[in-house]
Amino acid sequence: MLNRIKALIIKELLAVWRDKKSRVLLVLPPMLMLVIFSYAVTLEVKNVTIGILNQDRGPYSRELLRRVQGSPTFPQIIFLKNPQEAQHLIDSEKALLIMHLQSDFSERIAGGKMADVQVILDGRRMNSAQIVQGYITQIVTHFNRDVVNRTLKQVNTEDTLAARNWFNPNLEYVWFTVPSLVGVLCLTITLNVTSLSVARERELGTFDQLLVSPLLPFEILIGKTAPAMIIGLLEGTLMILAGIFLFKVSFWGSMPSLYIGMFFFLMSITGIGLFISSLAKTQQQALLGSFLFSNPAIILSGYATPIENMPDWLQPVTLINPLRYFLVIVKGCFLKAIPENVIWDNTWPLIIIGVSTLTGAGWFFRRRLG
Amino acid sequence: MSLFKPLRRLKGLVFKECLQIVRDPSSILIAFVLPCLLMFLFGYGVSLDTANVRLGVAVERQTPETDQILRAFEGSRYFEVTTAHDRRTLEPALMAGHLRGIVVLPTDFSKISLTGMGRRTPLQTIADGSEPNTASFVQNYVQATWSTWLARRNLTQSTPPQTKQMPGQAQVVPKVWFNQQLISRYTLLPGAIPIIVTLVGTLLTTLVVAREWDRGTMEALISTPVSIGEILLGKFIPYFVLGMGTLYFCTLVSCLWYEVPFRGSLFALTTASALYMLNALGIGLFISSATKNQFAAAQASLFVAFLPAFLLSGYLYEISSMPKWVQHITLIFPVRYFVSSLRTIFLAGDVWGVLLPACAKMLAIAALLYLLIATKTAKRLD
């Protein structure tokens, strides 16, 4: 029996490996993705162009603008001459934000009144615009503090927080994306491989040959599950190595726990893949099915945007999403050295999902075969 | 008569393709079910409106001042606050990801903040850096709360003779154009539509053409008198119509269900979208005739069309923040221009200063693409 399963596993692996195009597609794109997208995916805001319209000639506006110009976030500043230009600059997306100081700015500050710093933001890129607004607010706050202290001849009170970021002291976005992408790419590849495995044989007619062979249904099932998991584990390993050596993401956790988590994650994914595969009549349907699963799984995993931001009624849906748990494990092992109990908290749901999808797929499989 | 013959052949091909769409449940799935599902996911699942951030506040000794600070956090709509007397009880929760940040108000908080001045800030924050975006939000928010509290304290503490020479304060007055209500969905949904259109345009065409190769029906088609151009056009027309249909459907859902404003014109929408569809279909046709295998074609279209539409288009991630070499890569993906066009059409209106260059670039890329297809596809069986 073991021999038969082994033969089937070898056959499956060869089927994927012998086809030159699938071979290339299995290795190259994920690595390319990892490299390009790790750098691309960032919610930070850098290198933005802003516009400044200063109608004030006093010393205070000059001082404030000097501070803005000194900020590394704004390498490019466009100085405007009149408010009409502002409209054009924002409309044409040449500037993300425009800072407007009216002619009485310095006068009001000197006179002890509130002076407005009008900030016009491009709502089409709202998130970035708001982040940039935050930077400007910070500059203005420091400006205010220094002006007050200078006038009152006070010592500079420190009002900056003792802020620390655990696990990722400099808040480098790559440290977040690389471990997450390990999960995301493992999911897409493994799912595609499994969901196609049965559908392709069915479409080509070789599935019938498999059926008339002495293999038992559960042997076929194992023979289809194992290769996908082997491929997934290899891809995962490749990406973890790239994360550690290429991207230099720190790895604090324990490798064995990560692999245990990955094993059950891949098990749940192959279960879902086989389920799709046994439902699908053609390769096209299988691919679509896997797409219909992977998309919600990625979006509702906390990778794109945090789960906390979703509406309350949608958040419970994420509980059946295997990627959600694996992301905690993989990020935890890379960045946090999460303790065993946290790993376990995120592993048992994976085991439940994996066992139920695999039994579901097995049941379906047998019905289809019978 | 001979002039009408190609037209009749084309009609036949288009008709065949339409039947194939209608009769294949998977085409229906892509063209109708998938857009609905994705509109739902992108509408509710993706949001940059920070909410429900779980924050731990460790109050080591309760005083009126710590109560003020605590109230400021509890009153915020962004946080769900857990309090404790010792930060050590909160740290494991931060480790497990149950908290995104901890604010520590130490035993001497009131003493330092009221009298001591000094250089040391009594307030301490620890944020979960494994979620960089949330972490910087937490840091900024705590900083702002602290600065406000400090400014208020300074005002109440300053002695009367000093108030005379007290300078004024500059205050930031933000004005968000095109999206005054600050709803992130308004900017995200118009950016998500290109992803959905890409799926219908690229994935569906890729699969359909690759399937003909896989099953050998392409050889049957080649052996008929139709030319390769007619075969491609016969594929192009129905999927173009289908893609535009999806686009109008998504636009309607965005405007009616999600209440995203639509300030541009239908003409601008149609022009930009038609140009983008040209690209999406072109990529699909190119991939499928280059791979001729469904698995490879699907993988390739995922990596060349879908993921770039999601990650390199400026939909969620600001292009100007990417490294220069990634920015150069985004230039060759037409989806980037489509995202910026759609956002402008939805939120700002017909700003031709943005739309014309975008359309011109999409047209140029499409021209290159079709040139490539023309050289690559010949009526050959190998």
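Modeller: Two packed helices are described by the angle between their axes and the distance between the axes. Here H14(B) and H15(B) cross in the left-handed sense; left-handed means that the near helix is turned anticlockwise from the far one by less than a right angle, and right-handed that it is turned clockwise. This is a predicted model: local features need pLDDT of at least 70, side-chain atom pairs count only at pLDDT 80 or more, and totals for chains, interfaces and linings use all residues. Residues are numbered from 1 along each chain as its sequence is written, with chains lettered from A and ligands numbered from 1 in the order in which they are written.

Colleague: At what angle do the axes of H14 and H15 of chain B cross?

Modeller: Helices (H or I, at least four residues) and strands (E, at least two) are DSSP runs, numbered from the N terminus. Axes are lines fitted to C-alpha atoms, for helices over the stretch in contact, and angles run from 0 to 180 degrees between N-to-C directions. H14 (residues 335–348) and H15 (residues 352–376) of chain B cross at roughly 150°, their axes coming within 9 Å. The two are therefore roughly antiparallel (over 145 degrees; under 35 is roughly parallel, 65 to 115 roughly perpendicular, the rest oblique).

Colleague: Which residues of H14(B) and H15(B) make the contact?

Modeller: Contact means C-beta atoms, placed from the backbone, within 7 Å. H14(B) brings B:Tyr337, B:Phe338, B:Ser340, B:Ser341 and B:Thr344, and H15(B) brings B:Val354, B:Leu355, B:Ala358, B:Lys361 and B:Met362.

Colleague: How do strands of chains A and B pair?

Modeller: Pairing takes at least two DSSP bridges between two strands. E5 (residues 162–166) of chain A and E4 (residues 124–128) of chain B are parallel, with five bridges. One bridge joins A:Ala162 to B:Gln124 of E4(B).

Conventions: Two residues are in contact if their C-beta atoms, placed from the backbone, lie within 7 Å.
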